[in-house]
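Colleague: I would like to go through the aromatic side chains with you. Could you bring up the structure?

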Amino acid sequence: MKKLFFFSLASGSSGNCYYLGTRSFGILIDAGISVRQIKKILKERGVEFEKIQAILVTHDHADHIKSVGCLGETLHIPVYTTEAVHAGIRKSRYVEEVLIQSRHVIEKEATFMIRDFSITAFEVPHDSSDNVGYSIEYGDQTFVVVTDVGHITDTVTKYACKANHLVLEANYDEEMLKSGSYPAFLKERVSSRLGHLSNRDAAEFLAVHYTPRLKNVWLCHLSRDNNHPELACKTVDLRLFREGIRAGRDLSLTALKRMSPSDTYEFDVKIEG
């Protein structure tokens, strides 16, 4: 039996980075925290930095790309994303190094391989140069990341519904955003169809599309000002309960921490042949 390991290094507007790997190799999804933090957390989790085979980038906002230049060009880790996201990274004032040797262009819904991972990027609506989610298949397990998503589309649904393990945005509580201190234009941006997903939106999606194949849900990219972990989980939990789905029995539900690492999650993987 093979093993698959996942943990979040950080998940929020101050920085996003996730690790997914096996005993022999791993990848990062986004790199919006410092290289020093990434190395420190990986070491604490027993992951050798040299085993990182790639960085998958979802989009070009600063909290997802701050370290891709150093990781890519200085430390020689391949950086995978779409042509439009690469263009956004090149223009970003938050990335000093220009990605040249490490620059790898992918196409949406064109599957590619990194070692034993079969990876497909797919369209996610957000107000960046371009934005993708990732579906990563390893043996009989499918891991899907959907972050910074303004609204759930048919494409997002198609891939998220394949997941055994799903990282899904639950950025804000609608009442907290409405009554909070954000200026009107920012409230409109966050809640727009190219902004972020609310707790209620995430809850509704999960309640409507849950199947027994879904074992783990991690709520990600929670707002510091307009959400908190207990509220996000409670909103999802109550909506699932109305459909007879019990968090803790039918699936595991966790809100990822904004500024610190999550627990390490371990899954059994069956490999055909």
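Modeller: Please keep in mind that this is a predicted model. Let us begin with Phe7, which has a relative accessible area of 1% and is therefore buried, the cut-off being under 20%.

Colleague: What is the relative accessibility of Tyr19?

Modeller: Tyr19 has 4% relative accessibility, so this residue also counts as buried.

Colleague: And why is the pair of Phe7 and Tyr19 called stacked?

Modeller: The ring centres of Phe7 and Tyr19 are 4.9 Å apart and the planes are at 25 degrees; the pair is stacked because planes under 30 degrees apart count as such. Phe7 belongs to strand β1 and Tyr19 to strand β2 (residues 15-21), so the pair links distant parts of the chain, 12 residues apart.

Colleague: Which charged end sits over the ring of Phe7?

Modeller: That of Arg45, at 5.1 Å from the ring centre. Likewise, the charged end of Lys39 sits over the ring of Phe49, 5.1 Å from its centre.

Colleague: Changing topic, how many aromatic pairs does the structure hold?

Modeller: There are 12 aromatic pairs. One of them joins Phe6 and Phe143, a tilted pair with 4.9 Å centre to centre and 50 degrees between the planes.

Colleague: Which parts does that pair tie together?

Modeller: Phe6 is in strand β1 (residues 2-12) and Phe143 in strand β10 (residues 141-146), so the pair ties together parts 137 residues apart in sequence.

Colleague: Are Phe6 and Phe143 buried or exposed?

Modeller: Phe6 and Phe143 are both buried. They also belong to one aromatic cluster with Tyr18, Trp218, Tyr265 and Phe267.

Definitions and conventions:
Residues are numbered from 1 along each chain as its sequence is written. This is a predicted model: local features need pLDDT of at least 70, side-chain atom pairs count only at pLDDT 80 or more; totals for chains, interfaces and linings use all residues. Side-chain values use heavy atoms; hydrogens and water are left out. Rings of Phe, Tyr and Trp (its six-membered ring) pair if their centres lie within 6.5 Å; planes under 30 degrees apart count as stacked, over 60 as edge-to-face and the rest as tilted. Helices (H or I, at least four residues) and strands (E, at least two) are DSSP runs, numbered from the N terminus. Buried means under 20% relative accessible area, exposed over 50%, partly exposed in between (1.4 Å probe, protein chains only). A charge sits over a ring if NZ of Lys or CZ of Arg is within 6 Å of the ring centre and within 35 degrees of the ring normal.
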